[in-house]
Amino acid sequence: GQFYQHATSEASQATLASVAPVFAVMKFDKEGNTTYFEKKKTELYQELGLQARDLRFQHLMSIATRNNRIIMRMEFLKAVITPEFLLILDYRNLNLEHWLCNELASQLAGEGQLVTYSLPFEFRAIEAILQHRISRLQGRLNTLQPQILETLEALVDPKLLSVDRSKLHILLQNGKSLSELETDLKVFKETILEILDEEELIEELCLSKWTDPQVFEESTSGIDHAEEMELLLENYYRQAEDLANEARELRVLIDDSESIIFINLDSHRNVMMRLNLQLTMGTFSLSLFGLIGVAFGMNLESSLEEDPRIFWLVTGIMFLGSGLIWRRLLSFLGRHLEPPLPPHVPAVLKKSQPAAGRVEIKSNLQAEPFGLSRSTLTNQ
């Protein structure tokens, strides 16, 4: 029985090990040297001193610290930062080989952008990842902005009687992409702001301050790494805020353009409705006096059909009456469709108000010849 239980436990462990996910890892050290390897998730979090839930990366963007390790996720980028090295997980599925191989290594080996002296390794790693994320968001905005402006310029044209549906489809797609960009910028700002609001989180991001005694001595001698980390995060928060403002201006421009398009279409629709109403009135006028012709066409004998001048007389009366009635209806339509004028304000009322004010001030001055009280100054 003991042998069976032992064999069963070994089989279960082998099964779990076979189905455990394997990470394709790219490792960067302080000098920017790069190594590649594959490692199972269980082995990786045991070597890093983490737990299995720390490497799940459930959120699209997150920055957290665990056991003197910084765990970051920027959309599809998964990274683990330590005081000595940086790990990029699942780098093969990111399509970021150019940035990883050319730009990231040089940034990790260099210095930060906000200060002149050399920063600890985790500062450079965080700065490089945040800079890459901001650059991606800026690139998306730079791609959307000219497309949206070009589409709106083609749509907002008062000469167009109808709107091109293909342009509307392009505007709808660009608006959807702009909404996704605004959501990503909002998530980025909220993630950074959560860290900036907590001093303890900022302190935890400074890994070298608690592991390297030399760095700790430098920080006590005047270099506060927590303040430098706060400045670094605030810098990228301001950049994200600027991008969000530009995206918001595009959104307002789209909304205003939609209002202009709707006003333009309503104007053309009103013109067509007015023309239709005028033609209906003309048809009614002709039909009304057309009853005379109907009466004469009823094969009834009378003495009027023998006179050759009656045809021209009746035809003239029909057209003249129809024109007069149509003209009368058009004037009635014009009176009721014109917007009402604003009420007229008499000039006497406009002049009486300043005069009353001057009289009141003059009476106040006469009441207090030797000085003005505070209430008098307030009234003036």
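Reply: **Salt bridges and their surroundings**

Arg140 is partly exposed, with a relative accessible area of 26%. On this scale, buried means under 20%, exposed means over 50%, and partly exposed lies in between (1.4 Å probe, protein chains only).

This is a predicted model: local features need pLDDT of at least 70 and side-chain atom pairs count only at pLDDT 80 or more, while totals for chains, interfaces and linings use all residues. Residues are numbered from 1 along each chain as its sequence is written, and side-chain values use heavy atoms, leaving out hydrogens and water.

Arg140 pairs with Asp184 in a salt bridge, with 2.7 Å between the closest N and O atoms. Arg140 belongs to helix α4 and Asp184 to helix α5 (residues 165-196), so this pair ties together parts 44 residues apart in sequence. Asp184 counts as buried, at 18% relative accessibility.

The term needs its cut-off. A salt bridge is a side-chain nitrogen of Lys or Arg within 4 Å of a carboxyl oxygen of Asp or Glu. Side chains of opposite charge can pair when their charged atoms come close. Helices (H or I, at least four residues) and strands (E, at least two) are DSSP runs, numbered from the N terminus.

Glu75 and Arg133 meet in a salt bridge, 2.6 Å from N to O. Glu75 sits in the loop between β4 and β5 (77-81), and Arg133 in helix α4 (residues 121-155), so parts 58 residues apart in sequence are tied together. Arg133 is buried, at 7% relative accessibility. Glu75 is partly exposed, at 23%.

Asp54 forms a salt bridge with Arg66, and their closest N and O atoms are 3.3 Å apart. Asp54 lies in the loop between α2 (41-47) and β3 (61-65), Arg66 in the loop between β3 and β4 (70-74), so the pair links parts twelve residues apart in sequence. Asp54 counts as buried, at 11% relative accessibility. Arg66 is partly exposed, at 39%.

How many salt bridges does the whole structure hold? The search finds seven, including the pair of Asp54 and Arg66.

Charge also meets a ring. The charged end of Lys27 sits over the ring of Phe85, 4.5 Å from its centre. That call requires NZ of Lys or CZ of Arg within 6 Å of the ring centre and within 35 degrees of the ring normal.

Strand β5 contains Ala79. Ala79 is buried, with a relative accessible area of 1%. The C-alpha atoms of Ala79 and Val25 are separated by 9.5 Å, although these residues are 54 apart along the chain.

Further along, the unreviewed UniProt entry annotates residues 226-260 as "coiled-coil region". UniProt positions use the numbering given here, feature names are shortened, and annotations may be inferred rather than shown by experiment. Residues 226-260 are 100% helix and 0% strand, with end C-alpha atoms 51 Å apart.

Residues 310-326 are 100% helix and 0% strand, and their end C-alpha atoms lie 24 Å apart. Val294 is found in helix α9 (residues 225-296).
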